[in-house]
Amino acid sequence: MYRSGKLRVAVVGAGAAGLCAARHILSRAPSFESPVVFEQSARVGGTWYYEERVGISDNDLPIHGSMYRDLRTNLPKEIMMFPDFPFDSHLPSFLTHWDVQQYLEAYCKRHDITPHIKFNTMVEEVKPISMETDEGGAVRWEVISRGTHGGHSTQTFDSVFICSGHYSEPHLPSIPGIEHFKGKVMHSHSYRYPEPFAHQSVVVLGAGPSGLDISLELAQVEAQVILSHNKASLPFSLPLEIQQAPSVVKVLDDGSVLFQDGSVAHAQFLLLCTGYSYHFPFLCLAELGLEVQHHLVAPLYKYLMLPTFPSLFFIGVCKSICPFLHFYYQIQFALAVLDGNVQLPSRELMEEDIEREKQRKTKMGIHVKHFLKMASGQWDYYASLAKAAGLPPPNPVIKSLYEEHMEEEVNYSGQEAQNADDPALPGARLVAQNQPQN
Ligand code: FAD
């Protein structure tokens, strides 16, 4: 969408994706105005800022982060980093959330991003408006934001980068009779550390990465854990203290939990480790023609933009990826689209491309709920974005490190990351905990 004046871009969110977007917009000053980054909280880092509190934050917004106290990264730092900003060489390969938070703050400082962030400012609405410009008709974007201490503002932009994350909105399965449960029902979004569960009975629902990881933490404080799941086998053998049960059917009138094999358990906690839903409360989905389900955002050309509105970019909606590397290539591609260095195909051709990709995945037997999972497909994807944007592809060393790491993961856990329903791979975390601190 090249035009003669400088482009004005809004960025929603100052997590890793938003910071990466801001850094690369700033580096293209001849074609872009300085970005406006809207961040609802008082700080950068998003997911990586560990907030012990759950529920409502000090600016009266729901707590965004799902980080827990003892989490270690599931990717070694050599793979996890932005390609142009290594982690401190003194850090071990597998990091704490605090290390990553420090890294993002250092990135922000290095690229002088902070002056461009409007903290405590929540985006309430992003909507397209048709404008007559010197170059003819164009879509611009109205961004309506609210200061968390009051006051609305409306600003107009040429493009919006949505970097609001997707591990915040708990996916809550419907369990018949759950109102009869006499203990506490909570989602892993609000789990921070195991101590409050010591010697308590807990039904953990879901043996995805978080369910497994949290079950292991709970077992360490001698909670009586029943891990309920529908998997034929688990990635690794669990300690004997953790019992397993099939899926939960319902909660009975007396408050006990009924499992599919007819067994019943009384518990003090029902901990739902059931993943997260995509959530864009500031978009009018019908107006944009955007389909958002708990596991899907569509139709996105290159997993990035709507063919009908190619100046609205969804950064990082894919799963089973190297997130920071992924953000980097998506953002470089998006900026090349905006400054005219990448010519997009027609809307019809983009729609055909999306349809072809959908058919390809369906033929491979991939269920629609896994359409946004990339795993080993991410490398060709980055290479294609890089080629279009005139950049080198990821360093082959990164790819082989990742493949090797995943192989270890598969050997260790017996299943691929493709199966992961949420971001935390417990196999890697266990390996990480046993890593020598180099
Ligand atoms: P976020 O970090 O979620 O940031 C989004 C930001 O947008 C937030 O600051 C939020 O406040 C802001 N925001 C949202 N809505 C609005 C609004 N309406 N207005 C203004 N601001 C808004 N990745 C790895 O690479 N390695 C790991 O080991 C790893 N482990 C993980 C473990 C857990 C428990 C979780 C939840 C995630 C993990 N991830 C991991 C994935 C992680 O999400 C990504 O690494 C990355 O941090 C995502 O960045 P983001 O910027 O897309 O989103």
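A: Happy to! Two residues are in contact if their C-beta atoms, placed from the backbone, lie within 7 Å. Among contacts in the protein chain between residues at least 6 apart in sequence, 65% join residues at least 24 apart. This is a predicted model, where local features need pLDDT of at least 70, side-chain atom pairs count only at pLDDT 80 or more, and totals for chains, interfaces and linings use all residues. Numbering starts from 1 along each chain as its sequence is written.

Now to the ligand. It is surrounded by 33 residues, the closest being Gly 13, Gly 15, Gly 46, Thr 47 and Gly 165; a residue is near a molecule if its C-beta atom, placed from the backbone, lies within 6 Å of it. Helix H1 (16–26) and strand E4 (121–133) are the elements that give two or more residues to this shell, and H1 gives the most, with 3 residues. Helices (H or I, at least four residues) and strands (E, at least two) are DSSP runs, numbered from the N terminus. By residue type, the shell divides into 18 nonpolar, 14 polar and 1 charged. Here Ala, Val, Leu, Ile, Met, Phe, Trp, Tyr, Cys and Pro count as nonpolar, Asp, Glu, Lys and Arg as charged, and the others, Gly among them, as polar.

As for the surroundings, Val 11 is in contact with Gly 18, Ala 21, Ala 22, Pro 35, Val 37, Phe 38, Phe 161 and Cys 163, leaving aside its neighbours within four places in sequence. The protein chain as a whole has 10 helices and 19 strands, and its C-alpha atoms fill a box of roughly 70 × 45 × 45 Å, taken along the principal axes.
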